[in-house]
Amino acid sequence: CGDLISTLADSMMFVDCFGKIEIKNSFVSSSLDDGLNVHGTYSPIDKIDGNKIYMHNGHKQQRGYLPYRVGDLLQIIDKKSLKTLAEGKVVFAKMNNNKNDFTVEIDKEIVLSDDVMCDAYNASAQPMVTVENCEYYRSTAILISSEKEITFRNNKVHTLCGAMRIKDDPSLWYEAGKTNGVNIIGNEFNRCGEWSHDYLIQFLVRGSIGEVFSHRNAVIENNVFTGGNTQLLKAQSVDGLLFKDNKVEIVDEIVTDLPTVELEKCENIKGL
C-alpha cells in the first residue's frame with residue numbers, strides 16, 4: 001500500500017540497564033511499535049524458602065531471560081499494594097532448563113505471608129536517561145521508565161498513539177516502571193494520539209493502583225502541543241507534578257467525552 005516501515009517492533013528497547021542512556025540528534029521513523037522503550041522487569045514469585053527465591057518470567061516474550069546478576073539489589077513488592085516488602089543483594093542466580101523458571105539467592109532470609117502475591121525486580125538496573133534534539137515520527141509511542149533521572153528535551157514527536165507513557169506494569173507486560181524525576185521540557189508534540197485518541201502524556205500503573213506512589217517528581221514545562229487531540233495528560237499514582245508554561249494549539253478538534261486532564265490518586269500537582 002506504499003507505507004514505509006523501518007522495524008516490525010520497537011525501534012530501540014533497553015531492558016534492565018545500568019549507567020546512562022543518551023540518545024541525541026537522531027531521527028527515528030516508521031516503526032510498527034514504540035520508537036523508544038526503557039524499562040525494568042518484574043518477576044512473579046512462586047515460592048520463598050529462606051534466602052532462596054523461586055520465580056518465573058511473567059510474559060512469554062521474556063522466556064530465557066534472567067534479570068539478576070550477582071551483586072545486584074533485588075527488591076520484593078506486594079503485587080497489589082506495590083509496597084516494598086523485602087530486599088537483598090543477589091549472591092546466586094540460575095535459569096532452569098525450561099528457560100522460564102529461575103532461582104535467585106540473596107544475602108538474607110525472607111519471611112513473608114503465604115497469601116501475599118509478590119513480584120521481584122532488579123533495583124540496581126536503573127539508568128539515567130537523556131533524549132535530546134531527536135525526532136520521533138510515526139511510531140506508536142515513546143515509553144521511558146527508570147527510578148533515576150529522565151530528561152526528554154527539545155525533541156519533535158509525532159506518534160500514532162499517546163506521545164509518552166511512563167508506566168509501572170506489574171501484571172501484564174511485567175515491565176518495572178517506578179520513576180523519580182521525569183523532565184519533559186521544550187518539546188514539540190505534533191498531532192500525537194489522533195489515531196488512537198490516547199492521552200498525550202501518561203503516567204500509568206497497570207492493574208490496581210497501589211497504596212504507595214509509583215511516580216514522583218515530574219516536570220512538564222515549555223512544551224508545544226499541536227493538533228486535534230485535546231487529551232493532554234493522564235496521571236495515576238503521582239506525587240509531585242508541575243505542568244508549567246506549555247502551549248496548546250488545537251486544530252481540527254477530535255470530538256471526545258474524555259477530559260483534557262485526568263488525575264487518579266495524585267498529590268502535589270501544580271500548574272493545572
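Colleague: Does His197 count as buried, partly exposed or exposed, and which class is it?

Modeller: This is a predicted model. His197 is found in the loop between strand 18 (188-190) and strand 19 (201-205). Buried needs under 20% relative accessible area, and exposed needs over 50%. His197 has 37% relative accessibility, so the class is partly exposed.

Colleague: What is the phi of His197 near?

Modeller: His197 is a residue other than glycine. Its phi has a positive value. That value is near 60°.

Colleague: Ser30 also has a phi near 60°. Is Ser30 buried or exposed?

Modeller: Ser30 is found in the loop between strand 3 (27-29) and strand 4 (36-39). The cut-off for buried is under 20% relative accessible area. Ser30 has 8% relative accessibility, so this residue counts as buried.

Colleague: Where is Lys178, and which side chain of opposite charge is nearest?

Modeller: Lys178 sits in the loop between strand 16 (164-168) and strand 17 (179-185). Lys178 is buried yet has no salt bridge. A salt bridge needs a side-chain nitrogen within 4 Å of a carboxyl oxygen. The nearest side chain of opposite charge is 5.8 Å away, and it belongs to Asp168.

Colleague: Which residues does Lys178 touch, not counting residues up to four places away in sequence?

Modeller: Two of them are tyrosines, Tyr42 and Tyr121. Ile77, Leu82 and Thr84 are also touched.

Colleague: How many residues of strand 11 are buried?

Modeller: Strand 11 covers residues 128-132. The strand is mostly covered. Of its five residues, the number buried is four.

Colleague: In which sense do strand 2 and strand 11 pair, parallel or antiparallel?

Modeller: Strand 2 covers residues 20-24. In strand 11, Glu132 is the bridge partner of Lys24. The two strands pair over five bridges, and the sense is parallel.

Colleague: Which residue of strand 14 does Thr130 stand opposite?

Modeller: Strand 14 covers residues 150-153. Strand 11 pairs with strand 14 in the parallel sense, over four bridges. Opposite Thr130 stands Thr151.

Colleague: What is the volume of the largest cavity?

Modeller: Rolling a probe the size of a water molecule over the atoms shows where empty space is left. The structure holds two cavities of 30 Å³ or more. The largest has a volume of about 70 Å³.

Colleague: Which residues lie nearest the centre of the largest cavity?

Modeller: The lining of this cavity has 16 residues.

Methods:
Residues numbered from 1 in each chain as written. Predicted model: local features only at pLDDT ≥ 70, side-chain atom pairs only at ≥ 80, totals over all residues. Heavy atoms only, no water. Buried < 20%, exposed > 50% of the residue type's maximum accessible area, 1.4 Å probe, protein only. Lys, Arg positive; Asp, Glu negative; His and termini not counted. Contact = heavy atoms within 4.5 Å. Pairing = 2+ DSSP bridges. 1 Å grid on protein atoms, 1.4 Å probe; cavity = no way out; pocket = protein on both sides within 12 Å on 5 of 7 lines; lining within 4 Å. Points joined across faces, edges and corners; volume = space filled by probe spheres on them.
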